[in-house]
Amino acid sequence: MACAGAAAWLMSGWDSGARRARLLCVGGGVVATGPPSRERALAEWRRLRGRLRAGGWSLVAGAVIALLGASVVPLLLGAALVPLLGRLRRAGKARRERERRGDAVIALCGALAGEVRAGRQPGEALLRAARDSGGLGEAQAVVLAAARFGGDVPGALTDAARQAGADGLVGLAACWRVAVDRGAGLAAGLDRLEGALRVERDQRADMRAQLAGSQSTAVMLAGLPVLGLLIGTALGADPLHVLLHTGAGLGCLLVGGVLESVGLWWALRIVRGAEAA
């Protein structure tokens, strides 16, 4: 019944959108500028679903185990894991954004070197290269304004390098300063900078690939207690009843959970330390 109601609600929303499109194209009526209440509610639901995506599986698993074990403890544990999973999801998103910005800086160096070789002045070359690559990120407007109006381009690039993953802009600022102050070739310096950034990126990717096995092993070992519970259930030992309805079981669950969390954190910390080094 819930699925049928949601389908009917979505279909009515799509029909409303189609009717609004017909009115706009044909000009057969006046269309309100603000979104209707259904579309606004649908947008809010999508945003809420995106926020709960990280911890949704934790809540579902906790609810299922709570029903099977006739206890509210798994549901509480699943709810407690929601902030942690959300934090992990945000950390992964920040890491991907950092890698994307690093790739954009490498593309900016290559495009800028090509524009300079084509005979354009450094300021004009930076305007064209930044428009194509987007390696300057949120500070692009400031850097482009400095390049267009003769401002402090190296200083603006140094400020832009404070963004996560944009460390290569410090080298770009150094190349720019040397080329302007001493008349050195900007294109040659940019080529060397691009090559160094590519080598560093490849080294990080290779290190991450080598550490993927250790990280997967740590996660697999962390999942062995769940496998033990499944084997015990298959043998008819009813481990959920022992863990959730007896004092000794609750004590084992508490101690095991603490040891499991500490062990997983320590193993992943070793992997992250090796990757950072």
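**View 1. Asp152 caps the N-terminal end of helix H6.** A side-chain oxygen of Asp152 lies 3.2 Å from the backbone nitrogen of Gly155. The model is predicted: local features need pLDDT of at least 70, side-chain atom pairs count only at pLDDT 80 or more, and totals for chains, interfaces and linings use all residues. Residues are numbered from 1 along each chain as its sequence is written, and side-chain values use heavy atoms, with hydrogens and water left out.

**View 2. Helix H6 (residues 153-160) is largely enclosed by the rest of the structure, because 6 of its 8 residues are buried.** Buried means under 20% relative accessible area (1.4 Å probe, protein chains only). The buried residues are Val153, Pro154, Gly155, Ala156, Leu157 and Ala160.

**View 3. Helix H4 packs against helix H5 (residues 140-148) at an angle of about 155 degrees, with the axes 8 Å apart.** H4 is therefore roughly antiparallel to H5 (angles over 145 degrees count as such). Residues in contact (heavy atoms within 4.5 Å) are Gly123, Leu126, Leu127, Ala130 and Arg131 of H4, with Gln140, Val143, Leu144, Ala147 and Arg148 of H5. By class, 6 of these residues are nonpolar, 2 polar and 2 charged.

**View 4. The axes of helix H3 (residues 73-117) and helix H4 (residues 122-133) cross at roughly 140 degrees and come within 8 Å.** On H3, the contact is made by Ala104, Ala107, Leu108, Ala111, Leu112, Glu115 and Val116. The H4 side consists of Pro122, Ala125, Leu126, Arg128, Ala129, Ala130 and Ser133.

Definitions and conventions. Axes are lines fitted to C-alpha atoms, for helices over the stretch in contact, and angles run from 0 to 180 degrees between N-to-C directions. Helices (H or I, at least four residues) and strands (E, at least two) are DSSP runs, numbered from the N terminus. Buried means under 20% relative accessible area, exposed over 50%, partly exposed in between (1.4 Å probe, protein chains only). A polar contact is a pair of N or O atoms within 3.5 Å; within protein, one must be able to donate a hydrogen and the other to accept it, and residues adjacent in sequence count only if both atoms are side-chain atoms. Angles under 35 degrees count as roughly parallel, over 145 as roughly antiparallel, 65 to 115 as roughly perpendicular and the rest as oblique. Ala, Val, Leu, Ile, Met, Phe, Trp, Tyr, Cys and Pro count as nonpolar, Asp, Glu, Lys and Arg as charged, and the others, Gly among them, as polar.
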